[in-house]
Amino acid sequence: MSRLTVDDLKRIKDQQKATFTLREGGSRVKVTVHMGTCGIAAGARKVMEALLDEINKSNVSDVAVTTSGCAGLCSKEPMATVELLNAAPVKYGSLNEEKMRKIFQDHILNGHPVEEYALVVGSETAY
Amino acid sequence: METYRTSVMLCGGTGCIAGGSLKLKKALDEEIKRRDLQKEVNVVLTGCNGFCAEGPVMTVYPDDIFYEKVTVADVPVIVEEHFIKGRPVGRLMYKEPVKKQTIPLMREIPFFSLQVLRALRNKGLIDAEKIDEYIARDGYQAAAKALTEMTSEQVVNEIKASGLRGRGGAGFPTGMKWEFCSKVKGEQKYILCNGDEGDPGAFMDRSVMEADPHVVLEGMIIGAKAIGANKGFIYVRAEYPLAVHRLQLAIAQAKEYGLLGNNIFGTGFNLDIEIYLGAGAFVCGEETALMRSLEGKRGMPRPRPPFPAVKGLWDCPTVLNNVETYANIPQIILNGADWYKTLGTEKSTGTKVFALSGAISNIGLIEVPMGIPLRKIIFDIGGGVPKGRKFKAVQLGGPSGGCIPEHLLDTPVTYEDIVQTGAIVGSGGMVVMNDLNCMVSVAKFFLEFTAEESCGKCPPCRVGTTLMLDLLTKITEGKGLETDIELLQDMSLDIIATSLCGLGQTAPNPVLTTIKYFRDEYESHIKEKWCKTGVCKELCTFYIDEEKCKACGACKRVCPQSAVAGEKKVAHRIDQSKCIQCRSCYEACKFDSVKIGPRSMRETVENITDQSALRDKMIETLAGKEE
Ligand SMILES: Cc1cc2nc3c(=O)[nH]c(=O)nc-3n(C[C@H](O)[C@H](O)[C@H](O)COP(=O)(O)O)c2cc1C
């Protein structure tokens, strides 16, 4: 690495923006992937991977991803809940990688819930 | 750049490392790998989180869940329950001591929520060993601004306007110091950082150097620009190996990025910084002694003037500031003096870091706005005095400071208000004492320290502190005379007036303040041969009030001498010939039936065998003694 310029400082800062927004608690969207035994058996890990992959590719910095246990609706796993700041949470069921990617693009990035995958609107939060 | 969904900020401060956080880091990394989560969950070893009493501690983001006293055995549960299933582990969370309520979120725990972080703004948020993480939190932007957009005069004026005062103890306005030095002509000037931190019970500077080493470098770069220095030294005591290691790494990284060295940011400005290891002598924290020590000579103070700003290291114009002082500088340059002044009072602006220790629940490191009352620090942030004991005094400013009693706890913490009490804000050590502390012994403890650390150059300090220590020792052994209190006060004033450096000039403060606020304790030691706290072994008798005794056996169990006789349902009694005055029985008794009487009671207690006669005799003896 050669000598830094003032612009380099900004570049290094931007590269890490995502990590730090989360540490500093400044997230706009919270996505909860249900990772109970049932969720994992139904493929929740793949859904999580797809979500993290989309986040990395799109370079967004304000999406917090958490997990939760079984939500008691095991037949609809894998499930995920998306909560936008100041909006009711939306719970999605029977997910796979493609569906998660679409939810990421439409709901998380652009704010339009994907109604066809949605189970309920306005239910639980993580704790 | 990978984005992790979960970041685990594991405290890697000296306290938590001693508690096993390096083993925890390894266990966490392994378990995360075993569960194939290494792309999702990241463990970062940070600097001191501050809540040392609860260590090892960690905070999990983005949820902000705080775990305490974590062990390697807890790791699989945390990974399975929290990281995979999203169910934070309740039993590892902080429990509020009064209502026993669990508080999961770090930001809601009073110890953290009442603090305001400026000097410590990166603590627990960055990996102290990665310069990029420092840069991610606006690191080196203030240095860039100072070097590329500001003149030296503008830098000086901004710091002057902020009202920042030196955090090393004396509270001298930093901007003024820089201004003096910037106006002195000289080919070679030096910028120095004081990381000697010799006060017993203080660890503010160590934590800053461990948690955020780059902020110290950045502060020094800005200072160097202000005064026109091209060479800097950080003087750190060798007993701080982790701080030294992280500073060394930071300097190497900054050099690699061209943030130290020649032509920084292409401005033609040069600065090199080196670390100098101190051998841990308290006097070497004094500015002129520190410079002699840096020159490779014996660390002894010299008279001022000339001040170091004119003639300092190798007789060149030099500025020395404290670690925490430098940690405030980048924020002031970035956000401006007016922002800085939004906290604190008119004459004491900004925030101050304190190290809480002694008889306080939340031992650790805190940063609070200046002007906050002592009571709020000790009871709201510090969680008060543990084990149901009573607050007695708080010692501020270490061996140079003084003891502040209960009735002055509403004093705001500012340079000007604390001085009124006879103590000083000092560098930030805050040692809390409870009702088990003997204030004469406390004064003696500090005098032992200063007498030992006196460099010996000037007689008032060398001879004076030793004589004062002899007097205090005499008093604690029951050989004190009634005139000794006045003698101590007289000697104190002489030592303060005639000593060469700050060490002697402040060494009598603990004695003066304990006499001022706890004179009755000195008097009962001298006149009644009675140390009411049972600390001075020659001046007390431990006995059991047999009417109050519930015969529970608690005192009997803890007595290392088997000096307590008694069975179930039979009031216990202490055999004075076996008792070594260790006070274990007194602390173990839940019914307040172990009593501490004057020395003279030992014979009384021993010669009487009849229970009721003993009690009468005790009441008689005490009636004359109690005020
Ligand atoms: C005996 C003695 C010990 C001192 N120890 C320290 C110390 O450990 N750290 C420190 O920063 N200042 C210490 N000082 C104060 C320094 O002399 C000096 O005032 C300070 O480093 C200046 O920095 P500041 O203006 O940023 O506080 C000590 C002073 C005396 C008299």
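How many helices and strands does chain B have?

1. **Fold content of chain B.** This is a predicted model. Chain B has 25 helices and 20 strands. Its radius of gyration is 27 Å, close to the 25 Å that the globule rule gives for 627 residues, so chain B is as compact as a globular protein of that length. Along the principal axes, the C-alpha atoms of chain B fill a box of roughly 90 × 65 × 40 Å.

2. **Chain A.** Five helices and five strands make up the count for chain A. Their order along the sequence is α-α-β-α-α-β-β-β-α-β. The C-alpha trace of chain A spans about 55 × 30 × 25 Å along its principal axes.

3. **Ligand site.** The ligand takes up the space of the largest pocket. Around the ligand are 18 residues. The closest are B:G168, B:E197, B:N321, B:N322 and B:T325.

4. **Make-up of the shell.** Sorted by class, the shell around the ligand holds three nonpolar, nine polar and six charged residues. Which elements of chain B each supply at least two residues of this shell? They are β11 (318–322) and α20 (502–506). The most comes from β11(B), which gives three residues.

5. A polar side-chain atom of B:T325 lies 2.7 Å from an oxygen atom of the ligand. In B:N194, an N or O atom of the side chain is 2.9 Å from a ligand oxygen atom. On its own the ligand has 600 Å² of accessible area, and the protein covers 90% of that.

6. **Cis peptide in chain A.** The bond joining A:E77 and A:P78 is cis, and omega is about -10°. Where is A:P78 found? The proline is in the loop between β2 (63–68) and β3 (80–84) of chain A.

7. **Cis peptide in chain B.** Chain B has a cis peptide bond from B:G55 to B:P56, with omega near -5°. B:P56 lies in the loop between β2 (41–46) and β3 (58–61) of chain B.

8. **Backbone of B:Y140.** B:Y140 is not a glycine, yet it has a positive phi of about 65°. This tyrosine is placed in the loop between α5 (131–136) and α6 (141–149) of chain B.

9. **Points to keep in view.** For the backbone, they are the cis bond from A:E77 to A:P78, the cis bond from B:G55 to B:P56 and the positive phi of B:Y140. The model is predicted.

Definitions and conventions:
Residues numbered from 1 in each chain as written. Chains lettered and ligands numbered in written order. Predicted model: local features only at pLDDT ≥ 70, side-chain atom pairs only at ≥ 80, totals over all residues. Heavy atoms only, no water. Near = heavy atom within 4 Å. Polar contact = N/O pair within 3.5 Å; in protein donor to acceptor, adjacent residues only side chain to side chain. Areas by Shrake-Rupley, 256 points an atom, 1.4 Å probe, with all protein chains shown as cover. 1 Å grid on protein atoms, 1.4 Å probe; cavity = no way out; pocket = protein on both sides within 12 Å on 5 of 7 lines; lining within 4 Å. Sits in = over half its atoms within 2 Å of the grid points. Helix = DSSP H or I, 4+ residues; strand = E, 2+ residues; numbered from the N terminus. Nonpolar A, V, L, I, M, F, W, Y, C, P; charged D, E, K, R; others polar. Rg over C-alpha atoms; globule rule 2.2 N^0.38 Å.
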